[in-house]
Amino acid sequence: MAKGMKIRKDDSVVVTGGKDRGKTGRVLRTDPSKRRLYVEGLNMVKRHQRPRSIKDTQKSAQAGGIIEKEGPIHVSNVMLLNPADNKPTRVGVRATQDGKRERYAKRTGNVIE
């Protein structure tokens, strides 16, 4: 069973390792079972795509060729950007007084979101 990730969709992250080290972007989607993220505009890979045509509707036909799309990045290779000062930070989870969970920036202690 996969452990939940502390980085979520629409978070701003900075890449700490790999070919895109130092670049920042927004998380498009997450894959918790594989512990991977897809970050907008980073780790671009080329894929060959066959043209697709849907018989009923013409508007959803896809062109073929070589397309570029985002590849997965392991969650250990990114750090969350603190929304307050736009610096990288680790993320912690703590309980509030009423028992709800909240994410917080370990560098500053501020609540994220």
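View 1. Arg35 is partly exposed, at 29% relative accessible area. The classes are buried (under 20% relative accessible area), exposed (over 50%) and partly exposed in between, with a 1.4 Å probe and protein chains only. This is a predicted model, in which local features need pLDDT of at least 70, side-chain atom pairs count only at pLDDT 80 or more, and totals for chains, interfaces and linings use all residues. Residues are numbered from 1 along each chain as its sequence is written, and side-chain values use heavy atoms, with hydrogens and water left out. Arg35 sits in the loop between β2 and β3. Its phi is near 60 degrees, a positive value in a residue other than glycine. Most residues other than glycine have a negative phi.

View 2. Strand β2 covers residues 24-31 and strand β3 residues 36-39; they run antiparallel, joined by four bridges. Strands are DSSP runs of E with at least two residues, and helices are runs of H or I with at least four, numbered from the N terminus. Two strands pair if DSSP finds at least two bridges between them. Arg29 has Tyr38 in β3 as its bridge partner. Four residues lie between the strands of this hairpin, and Arg35 has its positive phi there.

View 3. Val14 has Thr24 in β2 as its bridge partner.

**View 4. Asn43 and its surroundings.** Asn43 belongs to the loop between β3 and β4 (44-49). It counts as buried, at 17% relative accessibility. Which residues does Asn43 contact, leaving aside its neighbours within four places in sequence? They are Lys19, Asp20, Lys69, Glu70, Gly71, Pro72 and Ile73. Contact means heavy atoms within 4.5 Å.

**View 5. The salt bridge of Asp20 and Lys23.** Asp20, one of the contacts of Asn43, meets Lys23 in a salt bridge, 3.3 Å from N to O. A salt bridge is a side-chain nitrogen of Lys or Arg within 4 Å of a carboxyl oxygen of Asp or Glu. Asp20 is buried at 10% relative accessibility. Lys23 is partly exposed, with a relative accessible area of 42%. The structure holds eight salt bridges.

**View 6. Arg103 and Asp11.** The closest N and O atoms of this salt bridge are 2.9 Å apart. Arg103 is in strand β10 and Asp11 in the segment before β1, so the pair links distant parts of the chain, 92 residues apart. Both ends are buried: Arg103 at 4% relative accessibility, Asp11 with a relative accessible area of 9%.

**View 7. Arg103, Glu113 and the network.** Arg103 also forms a salt bridge with Glu113, with closest N and O atoms 3.5 Å apart. Arg103 lies in strand β10 and Glu113 in the segment after β10, so this pair ties together parts 10 residues apart in sequence. Salt bridges that share partners join Arg8, Asp11, Arg103 and Glu113 into one network. Is Glu113 buried or exposed? Glu113 is exposed, with a relative accessible area of 76%. Its phi is near 105 degrees, a positive value in a residue other than glycine.
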